[in-house]
Amino acid sequence: MSRVRQPPLVTGISPNEGTSWTKVTIRGENLGTGPADLVGLSICGHNCLLTAEWMSASKIVCRVGPAKDDKGEIIVSTKSGGHGTSTVSFKLLKAEKIGILDQSAVWVDEMNYYDMRTDRYKGISPLSLRPSNPLGIDFDKGKVPLKDLEALFPGVSGEFTSENFSATWYLIENHSVTSFDQLRMAASNLKKQATKKNEGSLAYVKGGLSTFFEAQDALAGLTELGSHDAAIHQRVESDGTERVESDGTERVESDGTERVEGSMTQRLENVLNRASDTADTLFQEVLGRKDKADSTRNALNVLQRFKFLFNLPLNIERNIQKGDYDVVINDYEKAKSLFNNTEVSVFKKVYAEVETRIGALKILLLDKLLETPSTLHDQKRYIRYQSDLRASGDPAWQCISAQHKWILGLMQNCKEEFINYQRVGLGAIALDLEGDPRPSAFNRIRDTAPLNKGGILHTPRHSTWHYETPQQVQFVEKLSDVVIGQLPNFWKLWISYVNGSLFSETGEKSGQVEKSKKNARQRQNDFKKMIEEVTHRLVKLVRGALLPSTLTELELRLYGGWENKTELTGPWLTQVIHIVRIIFEALVALEIPNDLLQVIQDLLLELRHHCLLVTLHHTAEDVKRVAEKEDWVVDNEGITSLPAQFEQCMVQMLQSLKEPMETKPGEVNILQLDQDQASELCMDIIKVFINCLEQLSTKTDRDTSRMSVDLASPNLFSGIQENFCPTLEQRLLIILSNCQYLEKHTFLNLAEHFERHGFTETEKITRVTVHAVKELDESLFDAYTERKSDPIVGSLEPGIYAGHFDWRDCGTPTGVRNYLKEALVNIITVHAEVFTVSKDLVPRVLSRIIEAVAEEMSRLMQCVSSFSKNGAIQARLEIDSLRDAVASYLSSESHASFKQALEVLPQLHNGADKKLLEELLNKFKSSMQLQLTCFQPSNVQPVKR
C-alpha cells in the first residue's frame, strides 16, 4: 500500500520583502517530488509558477510578480500533495521611479522590467519617461491604503503616464495633506507649463524684440559714422601731404593714450585687436584647461551613459566562462536593439566586437549541442540558445542527426568490446571436466554469476563458479541499456522538434516555431529511416550473437564475429527474450509507430521458437542423464525414483518455457505456428526415456558382482541397498513396474501439463507415447517370462520320465511326484521375486508362466500312447494338483490346456479309484500347504526396500 503524501508546507522565504521581480528562495516540506509534480505557486496572490525552479522537496527558487496585495502568503500546490499552506508571508514593496529631472547617485538611462514569458529583463526607452513631479511641489503622502483607492476608482490609475490616469487618485495618493497655498502654487506651475507649451517658439521672438530694435539703431549709427569718415579720408589723400610734428615724435592725446592716425573705425579696430590679443594672452591657458576639462567630462559622461555597451564584450566573455548563456543572450538582444543601426563610429566599433564574441558563442553552443553524451534538458537548452541568437542552419536537426550517429556507434562499440574481451579471455572460465559442462534443465541457472545491470561495461572477473553468465547474454543486457537509455530521449527530442516546443517566446515571435514545424514535416521520412536504422541495428546485433544462421555472410561480418560456438541453453534464451520484450515495451510506451517496431516483433518470434526447440533438445539430453542416475531402489508401489525424476524434468522444461510460450499483446502463438514440430520433439523426448529404460533392462556392467540371495526371504534387501546391483531378471521386473506406472500415471500427468501450457496435440502425444511404452512393456514381459518359464517347462518332461517311469506300467500312486513339486517351488520362487518388486505384476507374470506349464503338460499327456489304470490315476493326480495349486492365476488358455490334458486321460469309473485320487490330492495339499499359501489371494503388502 503506497504512503499518502502530505500537502506542501512553506516554512521560510528569503528575502521576506522586496519589489516586483525580486528573486526569492522558498523553503519548506513536501514541496513536490520533481519539476513535473509542481503545479502551482503563488506569492501575495500572484501566480509565480512560470518563473519557479524546483530544486528539491524542500527548496524552490522563483521571482515575485507584480501582485496587488502588499503582503500575502506563499502557497505551493503539487500533484502528489494538493493545495498547501504557509506559516510565513512576503511583503511586497512599491518601487519608486526616478524621473529625468531627479537627482540620482547613478546614471539612469532606462527602466528594467522582467518578462516572465522569455525569462529575461527588458528595457523601456528613456524617451518614454516623463517628469516624476508635474506639479512642482513636494510630495506629502498620507496614509490612504492602495486597496481603498482601487476600490474607490476602479479601472483607473494614479500613474500620470498611464492612459487611465485619474487626477483625483494622484492628488489623494501624493498630496492628501498638502496645504491649500501649496496646491495654488501647483496650479500656477501647471498654468505656466501649459502657457509655455501653447506659445512655443513665438514667445521667444516676442521677448527679444527690444534687443532687436537696439541692435538695429546701433547698426544705423555705425553706418552714418562710416560714411562721414570716408569723406574726410578722401579729402586728406587729395592734399598729398601728411602732417607730422617738427621734432619727429608721435603725438599723444591729452588723456595720455597713444594718438592713432587714420579714420575712427580703423582706430577702433586697432584698439579692439590689441584688446583681443591681450585677453588671449591672459586667458589662453585657463581656457585651454577648461576645454580639456570639458572634453574629459563629456567623455566620462558618454562612458558612464553607455558603459553597458563598452563593458559588454568583457561581460560576454566572463559570462560565457561561467556558463551564464541566458545573461549573454539577454545583453546581446539589448545591445542589438539599441546600437544595431547606430551611425556613431565608436559605437560601431564596440558593437562589431560584440558581434564577433557572439559569433564565437554560436560556434561554442553548436559544439556543446552536438557533444555526446548529453541530457535531453541540455539539448533543448542549447537549441533554444541557438534559436535566440538567430543561428544559421537548423541546430535542432543537427542535434538529432548527431544523436542518431552516436546511438548507432554505442551499439556497435558495445559488440566490439564484448568480442575483444572474448578473444582475449577465451577459455578463462574453468569447467568441471569430470562431469558435463552444462547443468540440468532445472538447475541450469542456479549457480550463475550475478548480472551487472545499468552500469558501464565492466571486464568480467574470473569466477570460481563452474558457470557464469554467457557473454552473449551480457551483451544483450548491455545493448538494452543503450537502447532504453538513449532512444527515448532521442524520440522525445524529435517530438519537441515537431511541435515547436524547443523554442522560447522570442523564437515564436520570430517565426522559428513555424519554420521548425515545416522542416519537421519535410524531414519526417528521414527521421523514420533513422528509427528504422536503430531498430534494425539492434535486431541484427542480437541475431549476430544468438541467431547467426539468420544473417547473410555480409551481415555476419558486420554484426557477428562471436567465437564462442556453444549454443545457449533454454533458461539463458528465456532471459534474452525477457530483455528484448522489455526493450519492445519501452519503445511502445513512447508511442513509436508499430511498423517501425515490427522487426523487433519478428526477432522475438524467432527467439521464442528457437528457445522452444533448444529447450526440447536439451531436455532430451537431460532425460538421458536422468536415466543414468537409476539407483534400482523401489518403493511400496514397486517403482523406482526414475518415473518421478522424468516427470519432474518434463515439468521443469514446461515451466522454463512458460515465458517464451506466453503470447503477449501483438505476438503470435508459437505453438500454433509450429505445433507439429513441437509435438514431435515432445514425443521424441518421451521415446528417448523409453529407449533408456530398454537399455537399462539389458545393462550388465556389474553382473559379475551379483549377489546370490534368497528371493523368497522377506529380508531380501535389508542392509544391502547401498552398492546394490540387481540381476537381469530383477532389472526386467523393476522396469516393467516402471512402465506400468508411466502408462497409468506419469503420461496422464504430463498430458495435463501439456494442455495447461497450450499444447493442442496432447492426445496424439499421449497416444504415441503410451503405444511406445506398451511395446517396451510387452518386449520386457516376454523376455522375463521366457527366462523364467523355460527352465520350469524344460524340467517337466525329464522329471516325468525320471527313473524310466512308464505310464503303461507303473505302481499304485502314493502321491505327487517330486518333479511337480520342484516345478511348483520354481513357480513359487518366481512369485516371490515378482511380489518383492511389485505385487501388481504377480498375476500377470504367473498367469503367463502357468500358461506355458499347462501347455507343456497338455503336450506331454497327448504324446502318451496309452495309460494304465494306475498311470491314469497318477497323471490325473498330478494335473489336478498343479491346476488346483495355481487356480488363482489360471487364464482361459491355461484352463483350455488343462482340459485338453485331462481329456486325453482315461476316465475313472471305479469309486475306489476316485477316492484314492481325492485322498492323494488332499495329502498333497496338506503337505504343501505352506508353499501353496502364496498362490492364495492376500492383502499382504510387498516388503519395502
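## Where H26 meets H27

In this predicted model, Val 853, Met 857 and Met 861 of helix H26 meet Ala 875, Ile 879 and Leu 882 of helix H27. Helix H27 covers residues 869-885. Helix H26 covers residues 841-863.

How do the two helices run relative to each other? Their axes are 11 Å apart and form an angle of about 170°. Angles over 145 degrees count as roughly antiparallel, so H26 and H27 are roughly antiparallel to each other.

## Two loop residues

Ser 838 sits in the loop between helix H25 (818-837) and helix H26. Is Ser 838 buried or exposed? Its relative accessible area is 2%. Buried means under 20%, so Ser 838 is buried. Not counting residues up to four places away in sequence, Ser 838 touches Glu 637, Gly 638 and Ser 737.

Pro 813 belongs to the loop between helix H24 (762-800) and H25. Pro 813 counts as buried because its relative accessibility is 4%. Leaving aside neighbours within four places in sequence, Pro 813 is in contact with Asn 870, Ile 873, Gln 874, Leu 916 and Leu 920. Leu 917 is 104 residues from Pro 813 along the chain, yet their C-alpha atoms are separated by 8.6 Å.

## A nonpolar surface patch

Which residues form a nonpolar patch on the surface? They are Leu 282, Phe 283 and Val 286. Together they have about 300 Å² of accessible area.

Leu 282 lies in helix H6, which covers residues 264-305. Its relative accessible area is 59%. Exposed means over 50%, so Leu 282 is exposed.

Technical notes
Residues are numbered from 1 along each chain as its sequence is written. This is a predicted model: local features need pLDDT of at least 70, side-chain atom pairs count only at pLDDT 80 or more; totals for chains, interfaces and linings use all residues. Side-chain values use heavy atoms; hydrogens and water are left out. Helices (H or I, at least four residues) and strands (E, at least two) are DSSP runs, numbered from the N terminus. Buried means under 20% relative accessible area, exposed over 50%, partly exposed in between (1.4 Å probe, protein chains only). Contact means heavy atoms within 4.5 Å. Patches are made of residues with over 30% relative accessible area and no salt bridge: like charges are joined within 9 Å, nonpolar side chains (Val, Leu, Ile, Met, Phe, Trp, Tyr) within 5 Å. Accessible areas come from the Shrake-Rupley method with a 1.4 Å probe; for residues, only the protein chains shown count as cover. A salt bridge is a side-chain nitrogen of Lys or Arg within 4 Å of a carboxyl oxygen of Asp or Glu. Axes are lines fitted to C-alpha atoms, for helices over the stretch in contact, and angles run from 0 to 180 degrees between N-to-C directions. Angles under 35 degrees count as roughly parallel, over 145 as roughly antiparallel, 65 to 115 as roughly perpendicular and the rest as oblique.
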